[in-house]
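Biologist: I'm new to looking at structures. Could you show me how to read one, a feature at a time?

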Amino acid sequence: WREGTPEQGFQSRLTPQEIYRIGIQEINAVCRAKYERPFDQLQVEKQDEMLKALEKGEVDLPSVASKR
């Protein structure tokens with residue numbers, strides 16, 4: 001599935017609901033691998049660290065772009 005141009009707006013084969021659900025599962029999997037806990041059980045500092053990495057696109061998620 002190709003990314004849309006800025007003129008086209010958001011383009012995805014997934015619905016927003018699917019993106020959120022998949023993203024949450026995959027972010028939790030990354031957190032478990034790195035910190036041995038899901039995101040919601042991390043210390044605030046680690047949550048901030050993860051959110052900043054996601055925002056910069058530094059976290060590889062299998063199904064969705066971390067920036068999304």
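This is a predicted model: local features need pLDDT of at least 70, side-chain atom pairs count only at pLDDT 80 or more; totals for chains, interfaces and linings use all residues.

Biologist: Where does E26 lie?

Modeller: E26 lies in helix α1, which covers residues 16-35. The protein chain has 2 helices and 0 strands.

Biologist: What else does E26 touch, leaving out residues up to four places away in sequence?

Modeller: Besides S63, E26 touches L61, P62 and V64.

Biologist: Is E26 buried or exposed?

Modeller: Buried, and yet E26 has no salt bridge. For a salt bridge, a side-chain nitrogen of Lys or Arg has to be within 4 Å of a carboxyl oxygen of Asp or Glu. For E26, the nearest side chain of opposite charge is R13, 8.3 Å away.

Biologist: And how many positive and negative side chains does the protein chain have?

Modeller: There are 11 positive and 12 negative ones, and the centres of the two sets lie 2 Å apart.

Biologist: Back to burial: what share of the 68 residues is buried?

Modeller: Buried residues make up 26% of them. As for the surface, the protein chain exposes about 5,500 Å², with carbon and sulfur atoms supplying 48% of that.

Biologist: What does the C-alpha trace span along its principal axes?

Modeller: About 40 × 20 × 15 Å.

Definitions and conventions:
Residues are numbered from 1 along each chain as its sequence is written. Side-chain values use heavy atoms; hydrogens and water are left out. Helices (H or I, at least four residues) and strands (E, at least two) are DSSP runs, numbered from the N terminus. Buried means under 20% relative accessible area, exposed over 50%, partly exposed in between (1.4 Å probe, protein chains only). Lys and Arg count as positive and Asp and Glu as negative; His and the chain ends are not counted. Contact means heavy atoms within 4.5 Å. Accessible areas come from the Shrake-Rupley method with a 1.4 Å probe; for residues, only the protein chains shown count as cover. The place of a charge is taken as NZ of Lys, CZ of Arg, CG of Asp or CD of Glu.
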